[in-house]
Amino acid sequence: MSYAPPPPDRLRAVIDEVVQSDLCTGCGVCELVSPRVEMRDAEGFRRPVVSGTPEEGDAWRARTFLRSCPGRTLTAPRPEGVQRDPYLGPIHGAWRAWALDPEIRHRGSSGGTLTAIADFLRERGEVVSGVAAHPEGPRRTIPVRITTREEALAAAGSRYAPVSAGGRSADDAGVMVGKPCEVAGRRQLDAANGVDSPVLLSFFCAGTPSQDATEVLLEREGIQRDEPLMDLWYRGRGWPGDFTALTRDGRRATVDYASSWGGALGPTVQWRCRLCVDGVGEFSDITAGDFWDADERGYPVFDDAAGMSALIARTPRGLQIVQDAVVAGRLHVEPMDLQALLRVQRYQVERRKYMLGRLVGNRLSGGHNPRYRGFGLLTLVSRSPRRVLHEVRGTIERAAKRRGGRGPS
């Protein structure tokens with residue numbers, strides 16, 4: 001009797017390739033490709049694990065994954081009739097904005113605009129998905145459904161920690177709030193399946209830090225890893241707000257935003273985030289970001305103040321939602337100078353402008369790159385060739401350090 005080998009597990013192979021190439025963003029969208037996929041904790045981040053044996057239809061699911069995974073590929077969105085900025089992406093409308101509800105404005109990372117919009121859409125009957133601190137262990141961040149104003153407030157503010165907001169928890173939501181990679185993956189997955197996406201809300205993002213960075217920061221403030229917390233937030237409750245942890249015995253640890261992000265959290269972002277071309281949420285319907293004041297050199301001023309957002313509608317649907325929220329008394333909006341926004345969002349501008357240098361450096365160091373189409377990287381980089389060489393060298397050095405000092409492989 002002849003032995004028939006088991007069919008190849010194509011789905012497992014393509015997902016494992018992205019993970020092993022260090023291109024996974026941890027977005028969770030691959031959970032929507034197949035019930036065999038589950039996001040799990042892995043070395044401080046979130047990574048997909050494929051279980052079980054190959055099923056009928058897995059070859060199609062593998063192709064769908066390859067077309068949608070934001071770690072592997074991104075094709076710049078070009079909504080019909082919408083202006084496209086080379087650094088900010090599609091713009092159907094742009095404003096300085098903040099929530100008119102003072103509690104939402106205070107709790108939000110900047111002006112509370114996304115929280116206000118999400119709560120507004122919830123009141124209109126939409127199912128809204130987002131993320132929040134785990135109610136029993138606020139060191140961790142989990143996907144949540146927002147069904148009440150209290151839940152919207154609990155989900156307000158940035159969570160600088162791994163979470164997979166684009167996964168199974170957001171499958172049937174009518175509104176999804178997520179990082180740029182999460183909304184990009186969902187937009188590309190829905191396009192591959194020929195279905196409409198939910199309303200996608202996103203924000204400017206500088207990357208996902210390791211979960212371990214939160215633990216290290218807490219330890220620096222005298223809070224041990226096994227010590228239970230009452231609450232933990234990364235910013236918000238003021239603008240920009242402090243990293244704050246409350247222990248159950250009444251102690252309070254606070255670290256200012258510049259020190260917590262710049263000194264502890266930001267340096268630990270996953271490798272794929274350092275190669276990210278879209279930190280501005282191009283694939284969303286609406287994106288919000290900080291609109292800091294700037295000093296005479298153009299650097300952000302992080303003095304505590306009432307929050308203010310840069311709010312960008314990227315699609316006609318997004319524009320209509322913003323207009324409806326204004327009429328409903330949820331948002332204050334006023335015209336925004338895009339050049340002023342670019343001056344205070346220097347990191348986003350420079351990351352895109354010199355991304356080609358990072359990609360070249362990563363390849364020269366033996367790494368794998370995502371495939372980017374339509375972002376005009378060659379045009380942007382041609383304006384500053386010297387800085388490009390700096391990015392190439394810097395990426396090679398960082399890649400070597402990650403491998404323990406070994407040279408290109």
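These legends describe views of a predicted model of one protein chain.

**View 1. Overall fold of the protein chain.** The chain contains 15 helices and 19 strands. Along its principal axes, the C-alpha trace spans about 75 × 55 × 50 Å. Of contacts between residues at least 6 apart in sequence, 70% join residues at least 24 apart.

**View 2. Surface and charge of the protein chain.** Buried residues account for 56% of the 409 residues. The chain exposes about 18,200 Å², with carbon and sulfur atoms supplying 51% of this area. There are 57 positive and 51 negative side chains, and the centres of these two sets are 7 Å apart.

**View 3. Position of Glu31.** Glu31 sits in the loop that runs between helix H1 (10–20) and strand S1 (37–42). Its relative accessibility is 11%, so Glu31 counts as buried, the cut-off being under 20%.

**View 4. Surroundings of Glu31.** The side chain of Glu31 reaches the backbone nitrogen of Arg168 at 2.8 Å. Apart from neighbours within four places in sequence, the residues in contact with Glu31 are Val37, Glu38, Met39, Gly167 and Arg168. Of these, Val37, Glu38 and Met39 belong to the range given for strand S1 (37–42).

Methods
Residues numbered from 1 in each chain as written. Predicted model: local features only at pLDDT ≥ 70, side-chain atom pairs only at ≥ 80, totals over all residues. Heavy atoms only, no water. Helix = DSSP H or I, 4+ residues; strand = E, 2+ residues; numbered from the N terminus. Buried < 20%, exposed > 50% of the residue type's maximum accessible area, 1.4 Å probe, protein only. Contact = heavy atoms within 4.5 Å. Areas by Shrake-Rupley, 256 points an atom, 1.4 Å probe, with all protein chains shown as cover. Lys, Arg positive; Asp, Glu negative; His and termini not counted. Charge placed at Lys NZ, Arg CZ, Asp CG, Glu CD. Polar contact = N/O pair within 3.5 Å; in protein donor to acceptor, adjacent residues only side chain to side chain.
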